[in-house]
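Dear colleague,

I am handing over the structure below, and my notes on what was found in it follow directly after. Please read them with the model open beside you.

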Amino acid sequence: MNAPEGALSGVRVLDVTQVMAGAYCSLLLADMGADVIKIERPVTGDDTRRMSASTDVEASPAFVAMNRNKRGLALDLKSAEGADVLRRLVADADILVENFRPGAMDRLGLGYDDLKKINPALVYCSISGFGATGPYRDLGGFDLVAQAMSGLLSVTGTAAGDPVKVGVPICDLNAGLFGAFGVLNAYIHRLTTGQGQHVDTSLLEAGVAATVWESNEYFTSGRAPQPTGSSHRLCAPYQALPTADGHIAVGAANQRVWEKLCTAIGRTDLLDVDRYSSNAKRMLNQHDLAEELGRHLSTRTTAEWVELMRSEGVPCGPIYDMAQVHSDPHMAERGITVRTEHPVLGEVAHLTVPVRMSETPTRVARTAPLLGQHSREVLADNGFDDTEIETLFTAGIVGETVTTDDHTDSVRAAL
């Protein structure tokens with residue numbers, strides 16, 4: 001019996017992206033079953049291929065993480081012939097994702113206004129640093145800068161410390177998520193109307209969108225929120241607290257859980273302290289409360305407190321590093337990792353898609369492509385005959401990877 005197909009099976013995506021935000025957008029579509037064709041320049045490929053200690057463009061874990069489930073086409077879009085190849089691919093494509101600076105694709109004759117003449121139903125997604133309009137549109141997009149200008153750095157870390165960025169490239173990732181969200185909405189619209197459209201999002205706006213509570217605090221109070229460490233802006237105690245061997249994250253987000261916490265840790269006396277009697281009062285005395293709880297929790301280990309708190313229904317958990325995350329039995333039961341075989345790196349672990357779908361399951365069907373690995377296949381699928389394909393290879397417009405028996409790889413741009 002054949003395995004169920006993904007929700008986007010039969011949808012063809014042209015991925016003209018680099019590094020993370022755009023590549024993450026198309027990765028999400030690929031994981032949902034879309035046929036994503038990763039288009040890179042010959043010889044050097046996506047810049048992420050060189051984000052590795054290895055000099056081998058095929059051996060970058062960063063590239064492998066962002067480009068699984070995709071087919072690879074090495075194509076020189078800066079040449080007139082390469083641009084013509086893309087136009088032919090667009091005729092039968094459903095979606096195109098790009099993340100160059102605004103105007104870059106237009107200068108190649110490959111912008112939305114150009115390509116919708118070929119395929120009016122095309123959903124064309126652009127992800128940039130600051131969006132397609134506004135005074136910052138021409139600036140390059142970098143996650144750190146987006147975190148800074150979106151306000152995220154201003155509310156991360158502690159008030160007494162230096163600026164601290166979110167530990168993951170949250171603006172890159174959120175931009176990819178919002179890009180995929182916009183693409184899927186546009187695709188649903190296309191299914192009912194036959195009309196494509198341009199989807200425009202940015203790292204900056206992806207960062208601002210994450211400040212839902214912080215922005216609202218500013219809107220209502222007129223004051224810019226400050227960093228709070230691990231504590232919550234609206235509830236207490238809701239933060240990481242010290243234990244005998246580390247820290248524990250405690251989520252007493254309402255009065256009922258606060259009372260359960262006091263019972264769990266053997267401090268019901270705190271329920272009689274007036275300044276801790278309501279959430280509003282606990283917020284006003286948050287520093288003193290944290291110190292009081294910290295002194296008490298430091299008498300036992302994290303594991304001991306986790307057991308006691310969970311027995312009373314108090315939301316809590318240890319603070320894991322990545323090694324602990326991936327050795328936790330619950331993570332294993334949920335299948336958060338899956339492995340593929342890469343021709344250069346060997347067996348490679350991937351994070352699975354954090355969405356379970358009963359009828360159209362997501363899947364990791366293939367590892368990231370070698371540079372130009374599927375160039376011939378993709379061209380043939382799109383109606384190029386053998387003579388046209390050989391001409392493109394000979395001219396260096398299209399490239400492919402040749403893997404020798406000893407796994408030393410080279411990119412062939414001409415035959």
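This is a predicted model: local features need pLDDT of at least 70, side-chain atom pairs count only at pLDDT 80 or more; totals for chains, interfaces and linings use all residues.

Residues are numbered from 1 along each chain as its sequence is written, and side-chain values use heavy atoms, with hydrogens and water left out.

Helices (H or I, at least four residues) and strands (E, at least two) are DSSP runs, numbered from the N terminus. H1 is mostly covered, since eleven of its eleven residues are buried, where buried means under 20% relative accessible area, exposed means over 50%, and partly exposed lies in between (1.4 Å probe, protein chains only).

The largest nonpolar core has 33 residues, of which Val-13, Leu-29 and Ile-95 touch the most other members; such a core is a set of buried Ala, Val, Leu, Ile, Met, Phe, Trp, Tyr and Cys residues joined through side-chain atoms within 4.5 Å. Among the elements that give two or more residues to this core are helix H1 (21-31), strand S4 (95-98) and helix H7 (170-193), and the largest share, eight residues, comes from H1. Leaving out residues up to four places away in sequence, Leu-29 touches Leu-8, Val-13, Ala-34, Val-36, Ile-95, Val-97, Ala-180, Val-183 and Leu-184, contact meaning heavy atoms within 4.5 Å. Apart from this core lies another, of 28 residues, including Ile-39, Leu-89, Tyr-112 and Ile-389.

Val-19, in the loop between strand S1 (12-16) and H1, has a positive phi of about 60 degrees although it is not a glycine, and Val-19 is partly exposed, with a relative accessible area of 28%. Asn-69, in the loop between helix H2 (61-66) and strand S3 (70-75), likewise is not a glycine but has a positive phi of about 65 degrees; Asn-69 is buried, with a relative accessible area of 5%. A cis peptide bond, with omega about -5 degrees, joins Ala-236 and Pro-237, and Pro-237 lies in the loop between H9 and strand S7 (238-242).

Best regards
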